[in-house]
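Here are a few exercises to work through with the model open in your viewer. Try each task before you read its solution.

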Amino acid sequence: MPSNHTYRELLDANAYLRKASDSFFWQCTTRTVQESKLFPVNPYIALSYLNAWYRWPELLRKIDAAMPAEEIGDRARQVGSYVNTITMGLIPQFYLGGRQILIDMGMLKPTDAIDDVLSVLDFGERVNQSLHRSHAHITPSDAGQRAQIHNERQTQVLEADALGVTPGDRLHTAFGRFMATASAYGFLSHCECRLSFNNHGPYRTSGGHEMLVRDMLDLAECDYPWMDGVSAAIEHNNITVAVIMKDTHFNIVDDWGSFEATPAYDPDNITAVGCYTADYLSDGWLPVAMGSADELADFFDRTRAEMADATTKMWKMMAGWTRDQMVDAGSLVYYAVIKDLAHYAGVYEQSDWFTVDERVQRVKPLFNDEYGGALIAEIVGLVSMSSQNQSEYHMAKHNDGRGEMWTPIPYSILADDEWTSTVGPIGPGRTALPAKTSGWTTTRGKLDQDENNRLARDLRPAGWDLRHYDDDTWVKNHADDPRAQELYRAAQARSVVMGDRGTGLGQADISELRAAGLNISDSDKLVAFRIHGVTPQIPIRVAQERDDAEVSRWARRVWPRIKKKPVTAAGSYEGRRSPFQSAKYIESAC
């Protein structure tokens, strides 16, 4: 009998499926070979696909019933979390990967589990549309390899509060060392894959600079049971850094949250950095150690040392793992890539996300290193499986080949073709890994699972009821509307530089605020002065000469000889020592 789905549903699903296939092919074939000397990466990737095939449909239905996909995307767009460009973009990929393996093995037909397939693709499309709402695409590849997740009210705060750096100063040095250590730590904790990192942007900032927002995720005691104990000293589970760079264009920020720049990324071009934490329990970003450059440098140095210690402990622990434990850990990192959806919805259960389904356990012995490597190479690289081949006339998007990565849903199910609905409910699962014993590190403290879920269900972020007004087009035409003011002030609530000025500010205004501190209330003045290097012992410098022409002449002719370099422009991040000079003095001097 015909299925109860419509022609339009199948057209949409197959279009999204093919978009996912094209994106995944481009990502996989422009990367280095996925191998590791420690973890059996390709076998665990293949097994994660199968686990997703059997388990994601029911779990996503449970999540969707508690909090619709669109609302999760709206929430995640306001913070840095594991619901991001790369993880959400992988929903169709990992799930359809399991389907493709089973089709090629002859264990599945393209008309099987139709209700499951359509529900997973529908959820994936909705959450990605919502997450990427600000640039109105489903994936960064749709936008010319750009991932501009945030809108103006958020990016203004990130730019305004970023602390200036110059090459070789303490903050610049501490930041570079921190990023190197965090990269190695996240790569190991995630079983030698890069799912701990996500980048989005670029966002154009003042002076033609560009800002890249970089998320480092699941750094502390979190969902991964092997991080219990070894990462107990790490304070924040998620860290987001906003990096502003001069003379650099990020020409690629792609579907996997990685980037390329022209010229190549050079730390000496960093002009400012900001640091935040956030998660599914936070109302926006929470500034971390942003009181001064020294305070932030201290935080980076301290956290780097903690991560280095945790890395050593993790190496020792993993060196004692069996192959089964390594395969389980890696496959569960991949399979649980969408786990934070359950956290946002307040329905997270550890057993849902960190056990391997018995149906997958049955085929696990097949996946040795040789077979696992060949399978992954063929399914996502060569795209040469017989189940992937189209007609001899077919030419694929990127390589003109016959193969398409994911098999589409046959339209014949709308007529009289045989079809099945589902793979059935989630069965029992198990793992060779030790059980989780510690709580979850969150922005609300260390919590157990029940309290974590309760707080997630109860959270109502500031401005949530106005989320349908939260776009730059509406604000552009309603800048004076009280609802627009409320949205902007919600984003500015923790900003020292922005205060609660609301809408109507452009980048020139932000540069002036950074330079002159005109927005600072009396109660915040000492804090703001300290941030920008001004104390009672180092007062704000005021121009003593009142003749504008004389000030201008002195700045052009005398000051460069004293300073040995030109005076920087108003609002520049470079060499920023006295940001509270009068705007008139700065303009005249420059």
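**Exercise 1. A lysine side chain and its surroundings**

Which backbone oxygen lies 3.3 Å from a polar atom of the side chain of Lys-436? Find it in this predicted model, then describe the setting of Lys-436.

*Solution.* 
- Step 1: The backbone oxygen of Gly-439 is at 3.3 Å from a polar side-chain atom of Lys-436. The side chain of Lys-436 also reaches the backbone oxygen of Ser-438, at 3.3 Å.
- Step 2: Lys-436 sits in the loop between strand 10 (429–430) and strand 11 (440–442).
- Step 3: Decide on burial. The relative accessibility of Lys-436 is 17%, and the cut-off for buried is under 20%, so Lys-436 counts as buried.
- Step 4: Look at neighbours further off in sequence. Leaving out residues up to four places away, Lys-436 touches Cys-222, Asp-223, Pro-225, Asp-228 and Gln-350.
- Step 5: Lys-436 and Glu-221 are 215 residues apart along the chain, and their C-alpha atoms are separated by 9.7 Å.

**Exercise 2. Two helix pairs**

*Solution.* 
- Step 1: Recall what is needed. The angle between the axes and the distance between them describe two packed helices.
- Step 2: Take the pair of helix 2 (residues 41–66) and helix 6 (residues 114–131), whose axes are 9 Å apart at an angle of about 55 degrees. The crossing of helix 2 past helix 6 is left-handed.
- Step 3: List the contact. Helix 2 contributes Trp-53, Pro-57, Leu-60, Arg-61, Ile-63 and Asp-64, while helix 6 brings Asp-115, Asp-116, Val-117, Ser-119, Val-120, Phe-123 and Arg-126. By class, the residues of this contact are seven nonpolar, one polar and five charged.
- Step 4: Turn to helix 1 (residues 7–29) and helix 5 (residues 91–104), whose axes come within 10 Å and cross at roughly 95 degrees.
- Step 5: From helix 1 come Tyr-16, Leu-17, Ala-20, Ser-21, Ser-23 and Phe-24, and from helix 5 Pro-92, Gln-93, Phe-94, Leu-96 and Arg-99. The residues of the contact of helix 1 with helix 5 divide into seven nonpolar, three polar and one charged.

**Exercise 3. Backbone angles worth a check**

Where do Pro-202 and Pro-263 lie, and what is phi of Cys-191 and of Ala-289?

*Solution.* 
- Step 1: Pro-202 is part of strand 2 (residues 197–204). A cis peptide bond joins Gly-201 to Pro-202, with omega about -5 degrees.
- Step 2: Pro-263 is in the loop between strand 6 (259–262) and strand 7 (270–277). The bond from Thr-262 to Pro-263 is cis, with omega near -10 degrees.
- Step 3: Cys-191 has phi near 60 degrees, a positive value in a residue other than glycine. Cys-191 lies in the loop between helix 8 (170–189) and strand 2, and is buried at 0% relative accessible area.
- Step 4: Ala-289 is not a glycine either, yet its phi is positive, at about 55 degrees. Ala-289 lies between strand 8 (286–287) and helix 9 (293–319), in the loop, and at 16% relative accessibility counts as buried.

Methods: Residues numbered from 1 in each chain as written. Predicted model: local features only at pLDDT ≥ 70, side-chain atom pairs only at ≥ 80, totals over all residues. Heavy atoms only, no water. Axes fitted to C-alpha atoms, helices over the stretch in contact; angles between N-to-C directions. Helix = DSSP H or I, 4+ residues; strand = E, 2+ residues; numbered from the N terminus. Left-handed = near helix turned anticlockwise from the far one by under 90°. Contact = heavy atoms within 4.5 Å. Nonpolar A, V, L, I, M, F, W, Y, C, P; charged D, E, K, R; others polar. Buried < 20%, exposed > 50% of the residue type's maximum accessible area, 1.4 Å probe, protein only. Polar contact = N/O pair within 3.5 Å; in protein donor to acceptor, adjacent residues only side chain to side chain.
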